[in-house]
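Trainee: Hi! Could you walk me through this one? I'm new to reading structures.
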Amino acid sequence: MKQFDLRIEKMAFGGEGLAREPSGKVVFVPYTLPGELVRVGIFEEYKDYARGMVLEIIEASPHRLTPPCRYYGVCGGCQFQHATYEEELRIKEAVLRDLFFRQGYKIELPLRGIIPSGEIYHYRNRLRLHVENQVLKMGFVKKGTHEVLKIEECLLGEKILNDLLRELYVSPAWINLAQYCKRIKLESSPLEGKTTLLFWSSLPPLREDLEKLYNLTGLKSIFYLVRGARPVGPFPETSAQAGRRLFSAWGDLIYYISPGVFTQTNWEINLKIMSKILELSQGAEQILDLHCGMGNFLLPLVKELPLAKEFSGVDTDIRAIEDGLYTAEKNRLDGRLELRRLSALEALYEAIQSGKKYDLVLLDPPRGGCKELVRHLPEVARDKLIYLSCDAPTLVRDVNLLEKVGFNLLELYLFDMFPRTYHFEVLAHLQRRG
């Protein structure tokens, strides 16, 4: 194995340090920090770059910490437990600026805020774990492998989720069910202080096992999936709100969300994003949300913009649409709100054909971004776009494309939805030129 003493220049998107061999070849080194001098062993080499591992830290960063998680470095979930939180935020800002610069954005970046998380551990309201059932093992994939790492606690997960995970390991009913299980999702219902359990199984479970499993502490409801997209449940059938999870927002606004339906994992940051979207939405009368999910960002606008005339949301997840309509009805917000099962592209085609335009279009696409929507947006978005992304590189790509078709980037905000990992959310505010 080749070895070099290398200085870490900066962090790359993905959470690895970037250094250079004496020849100039780039080397990516995980679990490092900017400015550190480290002895690196090269274990993968390619034409344009290499990958290395830390053999020794010769000069440590003053921002280096001892990671608190016993799985850190083996589990592939976290990248920044060895850094102070202040340094992690500086790294994420630098990464975002660098992504824009390398995509040709040469003017001053309108980054207006870095919004930190109030909690850097125990903030996740859901945990999705793989299950290996020869010897009961539940966990995440080991870094760089397909092997499941057994975990008994995730420091990012809320305490109530970790409590349930520990109980599952010693539950005879779950040990029986896990023989046919592929993965599980533990999700909290914050307003009730309870959890829900969704598991994927190769065989339908026995009712007697479900009855025994329901006796676990704080369990609200159980769902399972054998095939298809709609889980079987809830169990028990009498679960309140059909087993849905309850979240609060904006005073008396309560969300009712089914297990398995997407929610932002850090609810505190989600509320801060809602607040910023509401601020930027003032004056809009017709609003279209092209990736509305369960109405996460649209419902607060219905509540807080009484003079707006139209709130329309589309999503391809029928269960999310059902939850949004249920939430709107329970909160008496269904008078001005329309949610439909439709793809974003279909919604744009429909609007174009009917000549419909909107003052504000919300975009919160999957990780792949919304490149396919860009050329149609000028025909539908009359004034503003608000684009929220969990993948900074695709957001940078799409912002460049949007500027080419007539939108200006006015503001950017970095929301740290995922402390201790390299992930973060970026909100871009764009306006139509002319």
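Mentor: Happy to! Let's begin with a term: on a 1 Å grid over the protein atoms alone, a pocket is an open set of points where a 1.4 Å probe fits, with protein on both sides within 12 Å along at least five of seven lines, and lining residues have an atom within 4 Å of a point. The model is predicted, so local features need pLDDT of at least 70 and side-chain atom pairs count only at pLDDT 80 or more, while totals for chains, interfaces and linings use all residues. Residues are numbered from 1 along each chain as its sequence is written, and side-chain values use heavy atoms, with hydrogens and water left out.

Trainee: OK, which residues line the second largest pocket?

Mentor: They are Glu16, Pro30, Tyr31, Phe43, Glu44, Arg51, Gly52, Met53, Val54, Lys143 and Gly144. The volume of this pocket is about 210 Å³, taken as the space filled by probe spheres set on the points, with grid points joined across faces, edges and corners.

Trainee: And which element gives the largest share of that lining?

Mentor: Strand S6 does, with four residues. Strands here are DSSP runs (E, at least two residues), and helices are too (H or I, at least four), numbered from the N terminus. By class, the lining has five nonpolar, two polar and four charged residues. Ala, Val, Leu, Ile, Met, Phe, Trp, Tyr, Cys and Pro count as nonpolar, Asp, Glu, Lys and Arg as charged, and the others, Gly among them, as polar.

Trainee: New topic: what is the strand order in the open sheet of seven strands?

Mentor: The order is S10-S9-S8-S11-S12-S13-S14, with mixed pairing. Two strands pair if DSSP finds at least two bridges between them. S10 (148-150) and S14 (232-235) are at the edges with a single partner strand each, so one side of each has no neighbour in the sheet.

Trainee: How do S9 and S10 pair, parallel or antiparallel?

Mentor: Antiparallel, over three bridges. Val141 has Val148 in S10 as its bridge partner. Six residues lie between the two strands of this hairpin, and Gly144 in the turn has a positive phi of about 75 degrees. Gly144 also turned up in the pocket lining.

Trainee: What about S12 and S13, parallel or antiparallel?

Mentor: Those run parallel, joined by six bridges.
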